[in-house]
Amino acid sequence: MKVKCYIQGMAAISPQATFEGDVFSAPLVHTDSNLLTCMEPDYKPFIPANSLRRMTRLLKMGLTTALQSIRDSGVEAIGPIVTGTGKGSLQDTEKFIREIEQYKETALNPTPFIQSTYNSVNGLIALQVKGTAYNNTFVHRGFSFENALLDSMMLLAEGAPNTLTGALEEMTAEHFYIKSRIGFWKSTPTDSRQLYVQQSPGSIAGEGATFFVLTGTPTAHSKAALTGFKMLYKPTEAKVAAGLAEFKENVDLVLTGRNGDSRYEHFYRQVDTLFPGVPQLPFKHLCGEHDTAGAFGMWLAAQILHTQQVPAQWFPMLEALPANINRILLYNHFYGEQHTMIVLERV
Amino acid sequence: MAERVFITGMGMITAIGDNVAENLGQLRQQRSGLGFTSYIDTIYQQVLPVAEVKHNNDALFALAGITSHEGYTRTTLLGLTAMREALRQAGITDVQTAPTGFINASTVGGMCDTEKVYFDIVDPTKSGTFLQYIDTLDCADCTQRIADTVGFTEHIATISTACSSSANALMFGARMIKQGFMPRMVCGGTEALTRFTLNGFNSLKNVDKQFCRPFDQQRTGLNLGEGAAYLVLESESFAKANNSRILAEFTGYCNANEAFHPTSPSPDGDGAYEAMKAALAMSGRTLEEVDYINVHGTATLNNDVSEGKALERLFGNNVPLFSSTKPFTGHTLAAAGAIEAIYAVLAIQQGLIFPNLNFKEKMEELNISPVTELMEGVSVNNVISNSFGFGGNNASLVISKYEG
């Protein structure tokens with residue numbers, strides 16, 4: 001798809017120290033529980049105390065990341081707000097299901113129902129920033145964030161001054177168990193640092209909130225430009241290869257969504273074949289596997305392009321990188337079904 | 001200049017019919033689909049009316065043309081039934097003949113089936129065939145099963161903005177066409193009744209124990225419904241080259257947020273006003289050219305005041321004919337926008353204004369009241385269809401007669 005936009009601001013809450021401080025001195029957070037949990041900041045500077053009390057975890061993470069990305073962008077008036085989330089606030093969904101059962105459908109507190117609605121974070125952001133423009137939420141597994149991104153780029157092409165575009169996902173203990181029953185995670189505890197060498201069925205779980213402020217034209221403040229974009233639904237290996245080949249020119253680094261899942265690793269091997277000699281970095285040992293992990297990958301790519309540095313402690317496998325990183329290809333897929341390719345360039 | 005977007009196929013299933021023709025028949029006969037649920041396990045079975053599709057899942061499998069039963073939820077089956085009709089009506093036997101995207105809408109995915117087995121799913125001591133429903137809870141499951149059954153492989157997406165979800169799906173599809181990404185899109189939504197949603201709205205004290213009474217002074221809330229609807233959208237150049245039968249033109253739309261309250265609309269209907277005004281401006285039609293408004297009209301205390309005020313603010317003393325069709329179909333949440341978009345096309349094609357059932361007494365806050373009897377032989381050229389949802393999400397669509 002012919003698209004172009006610029007990242008003006010961004011923020012991420014993730015299992016790594018991405019929200020505050022210097023990511024280049026941050027140690028690598030790892031786990032052997034097969035679940036990487038977000039490092040949550042103090043929400044008080046972002047959300048009034050009386051609101052904070054009622055809000056569940058994903059709402060706090062989503063709203064705070066959105067507000068931080070706006071601060072980072074320096075943009076005063078936020079236009080359309082578009083997000084992606086595969087599962088929404090699982091904590092609220094689970095709570096409401098449980099309370100219906102527990103209280104036999106009577107005297108129920110509506111708050112978990114309201115907060116379980118997939119667009120509840122969008123509504124909260126709009127309330128807090130008085131965002132009365134377009135507002136949309138995509139809920140399609142590994143295409144959730146990427147559809148939000150596509151929508152945002154269309155909005156910019158239609159004349160929107162900017163968009164607030166993000167993704168949010170949480171993992172609960174209950175949902176972790178549910179997904180373990182159908183093979184989402186590795187069956188034995190795996191050190192997240194060993195994710196790529198421990199090839200076996202399943203991956204490790206993760207979560208995160210990532211937001212970007214996007215514009216259609218560059219400014220002195222732009223962190224990176226998005227210049228290529230493709231989504232492929234349940235493609236064959238050949239279709240993936242053809243898709244990747246379209247973005248072959250002048251790629252300095254490929255970020256891959258490799259996740260140690262032996263069932264779908266063959267798609268990532270296309271990158272090895274098509275980009276010989278081009279360095280690759282995987283990122284799922286940082287954020288874990290989740291519906292909107294692609295948003296974390298895009299945050300990382302923009303971070304690298306903007307600072308021309310790779311957080312060394314996160315990548316012990318780091319090979320020699322080119323002196324200048326001008327173009328990064330991000331290739332991710334969610335359990336072999338939703339494949340996404342994004343090209344980001346240095347501004 | 002962006003391409004015009006035409007509607008070239010429609011398919012639906014609701015409590016008042018398994019297809020578009022049956023829906024039209026029941027609308028003409030002013031027969032509501034409201035009653036009591038046969039399929040949800042709830043203490044409100046005989047208390048809270050709903051508009052349920054009158055088939056159990058076995059019958060729906062036949063309607064949807066599905067032989068394998070594994071893991072298909074009611075949400076998916078309703079969606080497939082509507083999808084097959086939409087494709088048939090558009091003359092599409094193979095969606096692969098032209099690049100075709102699919103934008104679906106859902107509020108709770110396969111909750112209708114997962115809620116029945118949820119406590120088994122989370123219980124490590126239990127195992128069985130219920131495990132096939134594990135991955136049907138999210139909203140993408142129904143979209144992908146529909147896509148895989150009929151063969152969509154191009155762009156797919158699922159939107160969830162509560163009660164405006166499928167209006168936003170139609171908008172997103174139209175915009176992809178206008179930006180040249182795809183010549184043809186199938187857009188809409190599917191929603192099955194669930195104990196989860198029924199208790200959700202009931203906990204908000206938003207559900208009427210009687211049949212809902214939109215825009216009536218005595219209204220006390222909504223009735224939930226279920227169903228699915230999809231519309232085939234085509235670019236003008238594609239529709240002409242393909243010799244498609246054009247049913248109507250999708251001339252305008254707007255999505256605007258109120259930023260007022262998580263679940264309540266603003267008292268003066270700021271979001272509704274903005275959405276209708278901007279959608280109409282995009283359509284290039286004047287206020288006077290609007291012949292009918294299919295209002296959101298849920299019959300909740302807040303919605304109808306807010307939406308009514310917005311109508312009065314926008315149209316002054318000349319508010320067009322309007323009605324809510326929710327007393328026929330119930331509030332079908334994610335499917336509502338697409339179901340009502342089809343009703344808008346039917347109003348244009350058939351020269352009909354559908355009645356707002358159960359209306360008796362004008363609201364004291366408003367000077368306007370809805371159409372209460374079926375009107376036939378009306379020249380309907382432009383219809384506004386409203387869908388408003390939680391999170392301040394307001395969507396208005398303008399559907400117009402195809403004039404060549």
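**Figure 1. Crossing of helices α2 and α5 in chain A of the predicted model.** Axes are lines fitted to C-alpha atoms, for helices over the stretch in contact, and angles run from 0 to 180 degrees between N-to-C directions. In this predicted model, the axes of helix α2 (residues 57-73) of chain A and helix α5 (residues 120-129) of chain A come within 9 Å and cross at roughly 45°, which makes α2(A) oblique to α5(A). The crossing in which α2(A) passes α5(A) is right-handed.

**Figure 2. Residues that meet between α2(A) and α5(A).** From α2(A), Leu58(A), Leu59(A), Gly62(A), Leu63(A), Ala66(A), Leu67(A) and Ile70(A) meet Ser120(A), Val121(A), Leu124(A), Ile125(A), Gln128(A) and Val129(A) of α5(A). By class, the residues of this contact are 10 nonpolar and three polar, with no charged residue.

**Figure 3. The two domains of chain B.** Chain B is divided into domain 1, covering 5-241, and domain 2, covering 252-400, and the centres of these domains, taken over C-alpha atoms, are separated by 21 Å. The average pLDDT of chain B is 97, and 100% of its residues score at least 70.

**Figure 4. The side of domain 1 of chain B that touches domain 2 of chain B.** Here 60 residues of domain 1 of chain B are in contact with 53 residues of domain 2 of chain B. Among the elements that give two or more residues to this side of domain 1 are β1 (5-14), α1 (20-28), α6 (165-178) and β7 (227-235) of chain B, and α6(B) gives the most, with seven residues. This side of domain 1 has 29 nonpolar, 24 polar and seven charged residues.

Methods:
Residues are numbered from 1 along each chain as its sequence is written. Chains are lettered from A and ligands numbered from 1 in the order in which they are written. This is a predicted model: local features need pLDDT of at least 70, side-chain atom pairs count only at pLDDT 80 or more; totals for chains, interfaces and linings use all residues. Domain bounds come from an automatic or database domain assignment. Two residues are in contact if their C-beta atoms, placed from the backbone, lie within 7 Å. Helices (H or I, at least four residues) and strands (E, at least two) are DSSP runs, numbered from the N terminus. Ala, Val, Leu, Ile, Met, Phe, Trp, Tyr, Cys and Pro count as nonpolar, Asp, Glu, Lys and Arg as charged, and the others, Gly among them, as polar. pLDDT is the predictor's confidence in each residue, from 0 to 100. Angles under 35 degrees count as roughly parallel, over 145 as roughly antiparallel, 65 to 115 as roughly perpendicular and the rest as oblique. A crossing is left-handed if the near helix is turned anticlockwise from the far one by less than a right angle, and right-handed if clockwise.
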